Amino acid sequence: MMMWSNFLMQEEDRRRGASGQRARGQHKSGLSPEQEGKIKLALLLTAVGATLAVLAVGTEFWVELNTFKANDSAVCDAAHLGLWKMCTKRLWQADVPVGRETCGPAALPGEANCTYFKFFTTGENARIFQRTTKKEVNLAAAVVAVVGLVFMALGCLCVIMVLSKGAESLLRVGAVCFGLSGLLLLVSLEVFRHSVRALLQRVSPEPPPAPALTYEYSWSLACGVGAGLVLMLGGGCLLLLTLPPWPWGSLCPKQGHRAT
């Protein structure tokens, strides 16, 4: 009988200790299951934006430069470039869609030559189809994009700390970081557009003559636009979760069950 009573007391102490640990854990997190679910949904939205941002910044299909097809040649030249490098391609005119006046699209198979921009290493401008880049504008676009990625990483870290450690004060910081990240990506896209216009206008006077070009923005830039908008939307959702309840919420109390 004494052994049985000791066993019951130990079992009761174990249950009390486990319930106390759970209570301390809930008090430490400070988040209700509903709040935690909403934060996770917002984090999932920002994760989509982060994936698009990394894909956009890491690829070089921001803009395609296309020459006009020549009637007496079987090949034509095209190029595509991004923040970090450019690729020139020699395509077969037989592969170009019928009815298209310019060479391309650049995704067609052909002889490709990809090089990183020299202004990141030696400070020299790059030359594309007898045109010269304006390195200051290109560098500004790249730096703004990198700063946007840094803010995006800080936002992810803040939200993870909120979910794991219960640091609710970091939720607003994470929301601001995501909003700034999306805004900086959009600014980087606009600066890049100015760099493309500057490239087309800076024609080299040296022979051979510069060919006529057309340009079209490609899927990497579309990913950047989507990433900027999604990150700003995710930051806005997180910011709404930090706001207090609406003041008129207390003016409309829920009706209780009527007594029968």
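Predicted model: local features only at pLDDT ≥ 70, side-chain atom pairs only at ≥ 80, totals over all residues.
Trainee: Which element supplies the largest share of the largest nonpolar core?

Mentor: The largest nonpolar core has 36 residues, and Phe-192 and Leu-238 are among those with the most contacts inside it. At least two residues each come from α2 (33-58), β1 (63-67), β2 (75-81), α3 (135-165), α4 (169-201) and α5 (219-242). The largest share is 8 residues, and the element that supplies it is α4.

Trainee: How many residues are in the other core that lies apart from it?

Mentor: Cys-76, Leu-91, Val-96 and Cys-103 are among the members of this other core. Its residue count is 6.

Trainee: Is Leu-238 buried or exposed?

Mentor: Leu-238 lies in helix α5. Leaving aside neighbours within four places in sequence, Leu-238 is in contact with Ile-39, Ala-42, Val-159, Leu-171, Ala-175 and Phe-178. Its relative accessible area is 0%, and buried means under 20%, so Leu-238 is buried.

Trainee: How far apart are the C-alpha atoms of Leu-238 and Val-176?

Mentor: Along the chain, Leu-238 and Val-176 are 62 residues apart. In the model their C-alpha atoms are separated by 8.7 Å.

Trainee: Is α2 roughly parallel or roughly antiparallel to α3?

Mentor: The axes of α2 and α3 come within 11 Å and cross at roughly 155°. Angles over 145 degrees count as roughly antiparallel. The contact includes Ile-39 and Leu-43 of α2 and Leu-149 and Met-152 of α3. The angle therefore makes α2, relative to α3, roughly antiparallel.

Trainee: Is the crossing of α2 and α5 left-handed or right-handed?

Mentor: α2 and α5 pack at an angle of about 160°, with their axes 7 Å apart. That angle makes α2 roughly antiparallel to α5. The crossing of the two helices is left-handed.

Trainee: Which peptide bond is cis?

Mentor: Most residues other than glycine have a negative phi, and most peptide bonds are trans. Pro-105 lies in the loop between β3 (85-92) and β4 (110-116). With omega near 0°, the cis bond runs from Gly-104 to Pro-105.

Trainee: What is the phi of Phe-129, and what is that of Gln-130?

Mentor: Phe-129 is in the loop between β5 (127-128) and β6 (131-132), and Gln-130 lies in the loop between β5 and β6. Phe-129 is buried at a relative accessible area of 15%, and Gln-130 is buried at 18%. Phe-129 is not a glycine, yet its phi is positive, about 55°. Gln-130, also a residue other than glycine, has a positive phi near 60°.

Definitions and conventions. Residues numbered from 1 in each chain as written. Heavy atoms only, no water. Core = buried A, V, L, I, M, F, W, Y, C linked by side-chain atoms within 4.5 Å. Buried < 20%, exposed > 50% of the residue type's maximum accessible area, 1.4 Å probe, protein only. Helix = DSSP H or I, 4+ residues; strand = E, 2+ residues; numbered from the N terminus. Axes fitted to C-alpha atoms, helices over the stretch in contact; angles between N-to-C directions. Parallel < 35°, antiparallel > 145°, perpendicular 65-115°, else oblique. Contact = heavy atoms within 4.5 Å. Left-handed = near helix turned anticlockwise from the far one by under 90°.
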